[in-house]
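Dear colleague,

Please find below the structure that I am handing over to you. My findings follow directly after it.

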Amino acid sequence: MRMIFVAGARPNFVKIAPLMRAVAEYPDVEAILVHTGQHYDQAMSDSFFSDLEIRQPDVNLNVGSASHAVQTAEVMKRFEPVLEKYLPDVVVVVGDVNSTIACALTAAKLGIRVAHVEAGLRSFDAAMPEEINRVLTDRISDFLFTTEISGEENLRKEGVAAEKIFPVGNVMVDSLLRFLEKASNSDILTRLKISSSGVGYALVTLHRPVNVDDPVGLRRLFGAINVIAGSIPVIFPVHPRTQSQIAKHGIKVAAGVRLIEPQGYLDFLYLMSKARLVLTDSGGLQEETTVLRVPCLTLRENTERPITITVGTNSLVGSDPEKIIEYARQILAGHARKGRIPDQWDGRAAERIVATLYRKLKGESEVLQAQEGDAVEATPKTA
Ligand code: UD1
């Protein structure tokens, strides 16, 4: 049996790591790791491979940065010959980035089955490129692995057959639980000369085009962050997209806001686990803070991960500076929800995914062999 696993951008690496580890337990499965190269530099890619102990990819498509159309098309063009060479039984894609839809679409067009990990999440905001990627990937997937109840519900409403939907938990949480202890050896707080005791610090990330591409909106968000920095030091690892916008538009950054390079997985996990408060527009951070029980303010108008609000520590505050400042003030005054960890976010999602794929694909090949008659004899029967 042969499975291709695809990873392209930073959050994908966190999700692919436990899958590669789980599939290694199956000696009769050949696992091929394909890196599309959507993210490519040390901080956005290489450091994740070493921190998360992911082996070198078997194939790197080296697509790099480009417009959505060019990036998606390049991935498809370069992935097709890989599929023709390896002829896998299934292509496993994760998350909602351009590499996800590009590889799913290429496989589906060649009649190769697609498994989507993190299926069914919906922000219902078609202006978000990831929403388009999510809807389209699910539409052409054969195995849809969901992380939360809303995922299952959305897929059912869209008419996806129940037998294609598998609630398995959250692979991002698999990585978090596996690496939390190792992350606690990080010396990032010392290097930044900050402390988690006393007033502590707030951690900020922003990279969504809707927040950072428009200078007026970005300036408003920094207005709120600058005010919060008057009460608590703010650490802000800056995504390259955001960095270029801050520089281009000369956005004012208060002295209490420390802009730092994007961090590796372990350092960032430690920073997040010790923060008093996280402000973000990332999808993954909403989930990770829920598991770490750190209060999270999501600076967006919607979320595709509602369980982090109903069950976890997340609050959706949008982009209104007054509201952001007020919510932050409440948390710093000690009024934060503790939340609880959603069902099946237990560190074993990847095991469930690989076991399901193995069982399904193995079952099919045995049925095929049975249909071919004499091949049945070749399958040893175990007691
Ligand atoms: C992509 C994903 C987004 C995900 C995010 C995580 C899509 C549509 N978006 O957005 O869902 O949350 O990754 O980071 O797939 N750059 C570098 N080094 C790199 C990669 C990018 O400097 O290794 C710079 C380039 O200038 C590039 C910009 O960052 O133009 C944006 O990268 P891109 O992959 O296009 O989108 P992200 O904003 O990272």
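In strand β6, F143 is the bridge partner of A115. Strand β5 (residues 113–119) and strand β6 (residues 143–146) pair in the parallel sense over four bridges; two strands count as paired if DSSP finds at least two bridges between them. Helices (H or I, at least four residues) and strands (E, at least two) are DSSP runs, numbered from the N terminus.

Please note that this is a predicted model, in which local features need pLDDT of at least 70 and side-chain atom pairs count only at pLDDT 80 or more, while totals for chains, interfaces and linings use all residues. Residues are numbered from 1 along each chain as its sequence is written, and side-chain values use heavy atoms, with hydrogens and water left out.

Strands β5 and β6 belong to an open sheet of seven strands, whose order is β3-β2-β1-β4-β5-β6-β7 with parallel pairing. At its edges are β3 (59–60) and β7 (165–167), each of which pairs on one side only. Helix α1 (residues 10–23) packs on this sheet and touches β1 (2–7), β2 (30–35), β4 (90–94) and β5; contact means heavy atoms within 4.5 Å. The direction of α1 makes about 160 degrees with that of β1. Here axes are lines fitted to C-alpha atoms, for helices over the stretch in contact, and angles run from 0 to 180 degrees between N-to-C directions.

Helix α1 also meets helix α7 (residues 171–183): their axes come within 8 Å and cross at roughly 80 degrees. That makes α1 roughly perpendicular to α7, where angles under 35 degrees count as roughly parallel, over 145 as roughly antiparallel, 65 to 115 as roughly perpendicular and the rest as oblique. Among the residues in this contact are P11 and V14 of α1 and V171 and F179 of α7. By class, the contact holds eight nonpolar, one polar and four charged residues. Ala, Val, Leu, Ile, Met, Phe, Trp, Tyr, Cys and Pro count as nonpolar, Asp, Glu, Lys and Arg as charged, and the others, Gly among them, as polar.

There is also an open sheet of six strands, in the order β10-β9-β8-β11-β12-β13, again with parallel pairing. Its edge strands, β10 (257–260) and β13 (314–316), each pair on one side only. From one strand to the next, the twist averages 20 degrees. Within this sheet, four bridges join β8 (residues 202–205) to β11 (residues 277–280), and A202 stands opposite L277.

The axes of helix α10 (residues 215–228) and helix α11 (residues 240–249) come within 11 Å and cross at roughly 95 degrees, so these two helices are roughly perpendicular to each other. P215, L218, R219 and F222 of α10 make the contact with Q245, I246 and H249 of α11.

Finally, the largest pocket holds about 1,100 Å³ of space. Of its 45 lining residues, P11, H39, M44, H207 and H239 are the closest to its centre. The lining divides into 19 nonpolar, 16 polar and ten charged residues. On a 1 Å grid over the protein atoms alone, a pocket is an open set of points where a 1.4 Å probe fits, with protein on both sides within 12 Å along at least five of seven lines, and lining residues have an atom within 4 Å of a point. Grid points are joined across faces, edges and corners, and a volume is the space filled by probe spheres set on the points.
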